Amino acid sequence: MATTAQSMSEQTAQLFSEAVIPNYGRYPVCLERGEGSRVWDDQGRSYLDLFPGWGCNLLGHCPPRVVKAIQDQAAKLIHVPNTWYTEAQGRWAKMLSERSFGGQAFFCNSGAEANEAAIKLIRLHTPAERYKIITFQGGFHGRTIGAVTATAQPKYHEGLGPLMAGFNYAPFGDLDAVRNLIDDETAGILIEPIQGEGGVRIPPAGFLQGLREIADEHDVLLAFDEVQAGCGRTGEWFAYQHASLGGGDATPDIMTLAKSLCGGVAGGAMLTTPEIAPSLRPGMHASTFGGNPIAAAAGIATLETIEAENLLDRAKEISAAFAARLEPLVEKLPYVEELRVCGLMIGLELSVEGTKVVQQCMERGLLINCTQGTVIRLLPAMNLTDADVEEGCDILINIIENLEL
């Protein structure tokens with residue numbers, strides 16, 4: 001069998017070398033097509049993808065309903081600016097509102113844009129002297145200057161200073177630290193209910209409810225970044241609704257969404273309550289392509305697919321199957337430290353470097369991810385088959401059990 005390095009098209013490699021800025025670390029594989037949880041490279045080799053689109057492809061690659069919705073919409077209207085109404089954008093916003101906390105939506109193109117909107121809204125809705133926002137160590141909110149400042153990971157700040165003023169960082173899960181950071185200049189709290197890039201870190205019981213109480217007590221806004229956790233990934237529509245994370249008692253004032261929002265098409269959104277929404281007044285924020293007809297059609301089709309195919313329940317089934325297969329590794333192997341699972345956010349923390357696990361999995365036709373250096377991260381599609389779960393676990397377990405330390 002050819003190695004992945006040998007299978008990479010020389011022509012494509014040359015094109016990238018000449019014309020594409022090398023700011024991404026890329027694997028030497030040129031992907032050509034996808035269907036469900038499988039993708040094929042330009043040499044015809046197939047891969048089982050348990051990290052499809054970095055979590056964007058929540059329904060797998062090229063889900064039929066989303067593909068048809070995009071095709072139908074593209075034949076009618078591809079783009080109009082937000083100075084006009086489209087029925088699809090309004091209907092999409094209503095569907096999100098009905099499945100969350102009854103809020104109103106601002107649409108954009110990505111998670112970073114959604115978080116920029118949230119940061120602006122927090123400041124716009126509070127008195128001018130209140131501008132500080134508390135975020136959490138290990139969090140990730142995007143790579144624009146505001147979002148990366150909110151991201152309390154020093155490695156993402158290197159070389160970018162001076163950063164935006166007004167952010168304070170608290171340890172994830174520490175309510176006392178949050179209380180100690182709040183002062184008369186604090187405007188809001190921004191947190192991922194589950195830290196994704198930070199290593200699939202799940203907060204302790206009662207933490208999100210505690211943040212809600214602190215926010216109410218000090219009259220500051222509570223914003224949840226559900227860019228990775230939202231839209232059904234945890235087995236509920238949104239992570240804050242998950243029983244172990246608040247069950248609705250930790251409802252935010254603001255919520256940001258992206259990644260899987262449109263089933264693989266670029267799309268982001270910020271939701272907030274009707275009382276707070278008017279603070280994002282005309283002229284203060286915008287997104288040229290946000291909520292365009294293609295994204296709206298894909299977003300609606302994604303929500304409809306999840307409901308029509310009962311995929312929230314399917315996500316719970318898949319989650320349980322992965323947990324049952326992977327949990328024994330923690331007891332069996334001294335270098336497997338912890339398994340963290342909430343729906344289809346799955347993190348297996350090792351005490352050794354995880355990139356070689358990713359590399360070996362790829363060589364055996366399995367695509368996964370490693371974050372924070374040692375956490376194997378899986379974000380599989382909601383419609384993964386039982387056979388895919390078994391195949392993926394068989395490969396991953398075999399590789400981890402036989403790691404050369």
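These legends go with a set of close-up views of a predicted model. Residues are counted from 1 along each chain as the sequence is written, and side-chain values use heavy atoms, with hydrogens and water left out. Because the model is predicted, local features need pLDDT of at least 70 and side-chain atom pairs count only at pLDDT 80 or more, while totals for chains, interfaces and linings use all residues.

**View 1. A four-strand sheet holds β1, β2, β3 and β13.**
This open sheet runs in the order β1-β2-β3-β13, with mixed pairing. (Strands are DSSP runs of E with at least two residues, helices are runs of H or I with at least four residues, and both are numbered from the N terminus; two strands pair if DSSP finds at least two bridges between them.) β1 (31-35) and β13 (366-367) sit at the edges with a single partner strand each, so one side of each has no neighbour in the sheet. Over at β3 (residues 46-49), two bridges tie the strand to β13, and that pair runs parallel. Look for Leu48 standing opposite Leu366 in β13.

**View 2. β1 and β2 make a hairpin.**
Four bridges pair β1 with β2 (residues 38-41) in the antiparallel sense. Glu35 has Arg38 of β2 as its bridge partner. Two residues lie between the strands, and Gly36 in the turn has a positive phi of about 60 degrees.

**View 3. A second open sheet is built from β11, β12, β15 and β14.**
Here the order is β11-β12-β15-β14, and the pairing is antiparallel. The edge strands are β11 (336-342) and β14, each with a single partner strand, so one side of each is left without a neighbour in the sheet. From one strand to the next, the twist averages 25 degrees. β12 (residues 345-350) and β15 run antiparallel and are joined by four bridges. In this pair, Leu348 stands opposite Ile376 in β15.

**View 4. Helix α3 packs against helix α9.**
α3 (residues 64-74) and α9 (residues 293-308) meet at an angle of about 150 degrees, and their axes are 8 Å apart. (Axes are lines fitted to C-alpha atoms, for helices over the stretch in contact, and angles run from 0 to 180 degrees between N-to-C directions.) That makes α3 roughly antiparallel to α9. (Angles under 35 degrees count as roughly parallel, over 145 as roughly antiparallel, 65 to 115 as roughly perpendicular, and the rest as oblique.) α3 passes α9 in a right-handed crossing. (Right-handed is when the near helix is turned clockwise from the far one by less than a right angle, and left-handed when anticlockwise.)

**View 5. Helix α13 packs with both α10 and α12.**
The axes of α10 (residues 311-326) and α13 come within 10 Å and cross at roughly 30 degrees. That makes α10 roughly parallel to α13, and the crossing is right-handed. As for α12 (residues 355-363), α12 and α13 (residues 386-401) pack at an angle of about 130 degrees, with axes 10 Å apart. That makes α12 oblique to α13, and α12 also passes α13 in a right-handed crossing.

**View 6. The second largest pocket is lined by 32 residues.**
This pocket has a volume of about 850 Å³. (On a 1 Å grid over the protein atoms alone, a pocket is an open set of points where a 1.4 Å probe fits, with protein on both sides within 12 Å along at least five of seven lines; lining residues have an atom within 4 Å of a point. Grid points are joined across faces, edges and corners, and the volume is the space filled by probe spheres set on the points.) Nearest the pocket's centre lie Asn82, Gln89, Ala105, Phe106 and Phe107. α4 (87-99), β4 (104-108) and β10 (268-272) each supply at least two lining residues. By class, the lining has 14 nonpolar, 17 polar and one charged residues. (Ala, Val, Leu, Ile, Met, Phe, Trp, Tyr, Cys and Pro count as nonpolar, Asp, Glu, Lys and Arg as charged, and the others, Gly among them, as polar.)

**View 7. Some loops carry backbone details worth a look.**
A cis peptide bond, with omega about 0 degrees, joins Gly161 and Pro162. Pro162 lies in the loop between α6 (145-150) and β6 (167-170). Cys62, in the loop between β3 and α3, has a positive phi near 55 degrees although Cys62 is not a glycine. Gln372 also has a positive phi, near 60 degrees, in a residue other than glycine, and is found in the loop between β14 (369-371) and β15 (375-378).
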